[in-house]
Amino acid sequence: MMQSDHIKRLTCPRCLRPQRTCICNWITPTENAVEVLILQHPLEVDHAKGSVRLLQLSLPRSEVVAGEVFTEQAMQALLQTPGAKYTVLLYPDSPEDKGLGLATPPQLDQALLLDPSQVRLIVLDGTWRKSRKMLYLNPLLQQLPRLSLSNTPASRYLIRKAHSPGQLSTLEATCYALMQLEQNEEKYQPLLTAFSSFVRQQLAYEKY
Ligand SMILES: [Zn+2]
């Protein structure tokens, strides 16, 4: 009893982080039309600096599932949605992946992207190595048409050394993908601005 009271006092019930580093201040409710499913590498789950929690709490149509390898059955269940959604995988065009023997994905069907409410975006949350491994280990993901980002600005994400310059946080990459799919840049700006403040606060924690 005492212990659970102790935990309750110290953990924010909404963002599940310690009260001291609660991120709820930056939650920015943003009505996403495209549904988002984030497959989170297990190493990212407890990562205090992860951007995914903030993203998930800000987007009403989003879901996070942790795992690296999924059984075919589990993956099928994740990819199937009620209604005839067009499911696309956010993944960069990377020539280095050629040697991996991955299945060639189907072409992105622009006509099916016209109605954002009928589109579902799958995002892999992990360093680029981990994301690539997840794609490699889950053949059903390889069969999804891929969306790659075009003309993204530099990342605001300065707190993860594992991310190389030019690589975006999962929150940013997802926002840019949604902007591209929904053809609406303004809608996601407040969330990106809130994310910048979140990053600044994380940097302040590191300094002191
Ligand atoms: Zn909180």
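This is a short chat about the structure shown above.

Visitor: Hi! What kind of model is this, and how are residues numbered?
Guide: It is a predicted model, where local features need pLDDT of at least 70, side-chain atom pairs count only at pLDDT 80 or more, and totals for chains, interfaces and linings use all residues. Residues are numbered from 1 along each chain as its sequence is written, and side-chain values use heavy atoms, with hydrogens and water left out.

Visitor: How many helices and strands are there?
Guide: The chain has eight helices and five strands. Both are DSSP runs numbered from the N terminus: helices are H or I with at least four residues, strands are E with at least two. Along the sequence the pattern reads α-β-α-α-β-α-β-β-α-α-β-α-α.

Visitor: In what order do the strands sit in the sheet?
Guide: The order is β2-β1-β4-β3-β5, in an open sheet with parallel pairing. Two strands pair if DSSP finds at least two bridges between them. Strands β2 (62-66) and β5 (146-147) are at the edges with a single partner strand each, so one side of each has no neighbour in the sheet.

Visitor: And which helix packs on the sheet?
Guide: Helix α7 (residues 170-182) does, touching β1, β3 (86-90), β4 (119-125) and β5. Contact here means heavy atoms within 4.5 Å. The direction of α7 makes about 160 degrees with that of β4; axes are lines fitted to C-alpha atoms, for helices over the stretch in contact, and angles run from 0 to 180 degrees between N-to-C directions.

Visitor: New topic: where is Pro 42, and what does it touch?
Guide: Pro 42 is in helix α2 (residues 42-45). Leaving aside residues up to four places away in sequence, Pro 42 touches Gly 67 and Glu 68. Pro 42 and Gly 126 are 84 residues apart in sequence, and 8.6 Å apart in space from C-alpha to C-alpha.

Visitor: Why does Pro 42 count as partly exposed?
Guide: Because its relative accessible area is 43%. Buried means under 20%, exposed over 50%, and partly exposed in between, with a 1.4 Å probe and protein chains only.

Visitor: What about Val 69, buried or exposed?
Guide: Val 69 counts as exposed, at 52% relative accessibility. Val 69 lies in the loop between β2 and α4 (72-79).

Visitor: And how much of the chain is buried?
Guide: Buried residues make up 46% of the 208 residues.
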